[in-house]
Amino acid sequence: MGKELAAQHEAARRTFEEADEALGYKLSQLCFEGPEEQLRLTEITQPAILTASVAAWRVLKEKGLTPAFVAGHSLGEYSAHVAAGTLDFADAVRTVRMRGKYMQEAVPVGVGAMAAILGMDMEKVAAVCADAAQGEVCELANINSSEQIVISGSTAAVERAAALASERGAKRAIMLPVSAPFHCSLMQPAQDRLAVDLAAVTFRKPGIPVACNVDAVLVEESDHSRDALVRQVTGSVKWSQSMHLLVARGVECLVEVGPGKVLCGLMRQIDRSKACSNMGDEASLQKTLEQLARPGAG
């Protein structure tokens with residue numbers, strides 16, 4: 001993850017070196033060489049994805065990319081704020097390491113679960129959650145598109161909701177292999193601990209408007225940025241609404257920066273008329289630059 005960019009671009013290499021220094025261990029070695037089981041530990045996964053994403057962003061920035069807006073899905077909102085100049089990268093990478101640790105420790109393994117509900121609209125999924133809760137936690141976690149909504153909460157309640165969604169006409173209801181029930185009220189202990197850390201971090205006014213997950217609005221002030229990052233730990237990721245917000249602001253071309261193509265896949269479900277490319281290695285960098293150079297791509 002990020003190895004090829006770091007080998008070929010000084011900006012990416014410096015980013016991994018900066019992360020190693022900020023964290024006090026060789027995150028770069030884990031990203032480049034594994035082992036995969038260690039990378040899957042959320043307190044390592046979160047700084048690793050952030051670092052790979054910021055490394056890719058810095059390469060794009062050197063190539064002259066100037067976005068009108070930035071956004072990030074859950075953890076990705078930290079990358080967006082680094083790109084916007086709201087947060088220093090070193091502060092962000094240290095914060096997300098603790099974010100991952102707090103999230104993992106908030107709920108004992110097995111107590112919480114998440115499930116993806118496919119082909120059912122948000123109102124119907126919310127009703128399923130309400131009916132399945134039975135005094136336990138079952139909430140909307142990720143509103144990814146009109147076709148894909150992820151729910152989170154107590155294991156038994158989420159299992160009941162998945163079964164009920166299938167009964168009520170969802171195309172599929174899939175239990176997800178996650179280490180904790182993210183973006184629901186069971187994460188309150190993690191949110192409380194993270195709030196203390198974020199209060200000690202310097203936030204600046206974003207240089208680029210950031211579409212925040214928890215409200216699906218543009219944040220353009222430092223205090224609002226901090227507050228949104230705190231509340232997103234227990235709040236729903238309103239990704240579909242955030243993308244519709246950017247489209248309403250005139251966005252025609254989107255670039256997914258960092259490892260993976262998940263967000264481009266979601267964008268095809270949200271609005272297929274908008275161009276979307278991903279950039280996480282040398283080949284995708286060249287493809288993205290070619291796409292952005294086309295007439296009307298801006």
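Biologist: Let's start with Glu105: what's its relative accessible area?

Modeller: Glu105 comes out at 43%, so it counts as partly exposed. Keep in mind that this is a predicted model.

Biologist: Which side chain does Glu105 meet in a salt bridge?

Modeller: That would be Arg193, at 2.9 Å from N to O. The pair ties together parts that are 88 residues apart in sequence, because Glu105 lies in helix α7 (residues 89-106) and Arg193 in helix α10 (residues 188-199). Arg193 is partly exposed too, with a relative accessible area of 34%.

Biologist: And what does Lys205 pair with?

Modeller: Lys205 meets Glu221 in a salt bridge, 3.1 Å from N to O. Here the partners sit in loops: Lys205 in the one between α10 and β6 (210-211), Glu221 in the one between β7 (218-219) and α11 (222-231), so the bridge links parts 16 residues apart in sequence. Lys205 is exposed at 53% relative accessibility, while Glu221 is partly exposed at 45%.

Biologist: How many salt bridges does the count come to?

Modeller: The count is 15.

Biologist: Switching to surface charge: which residues form the positive patch?

Modeller: Lys261, Arg268, Arg272, Lys287 and Arg294. Arg294 sits in the segment after α14 (282-293) and counts as exposed, with 52% relative accessibility.

Biologist: What about cysteines, how many disulfides does the structure hold?

Modeller: It holds 0 disulfides. Cys31 is buried, at 4% relative accessible area, and Cys264 is buried as well, at 6%.

Biologist: Last topic, helix α6. How many of its residues are buried?

Modeller: 8 of the 9 residues in α6 (residues 76-84), so the helix is largely enclosed by the rest of the structure.

Biologist: Which ones are they?

Modeller: Glu77, Tyr78, Ser79, Ala80, His81, Val82, Ala83 and Ala84.

Methods:
Residues numbered from 1 in each chain as written. Predicted model: local features only at pLDDT ≥ 70, side-chain atom pairs only at ≥ 80, totals over all residues. Heavy atoms only, no water. Patch = residues over 30% accessible without salt bridge, like charges linked within 9 Å, V, L, I, M, F, W, Y side chains within 5 Å. Areas by Shrake-Rupley, 256 points an atom, 1.4 Å probe, with all protein chains shown as cover. Salt bridge = Lys/Arg side-chain N within 4 Å of Asp/Glu carboxyl O. Lys, Arg positive; Asp, Glu negative; His and termini not counted. Charge placed at Lys NZ, Arg CZ, Asp CG, Glu CD. Helix = DSSP H or I, 4+ residues; strand = E, 2+ residues; numbered from the N terminus. Buried < 20%, exposed > 50% of the residue type's maximum accessible area, 1.4 Å probe, protein only. Disulfide = S-S within 2.5 Å.
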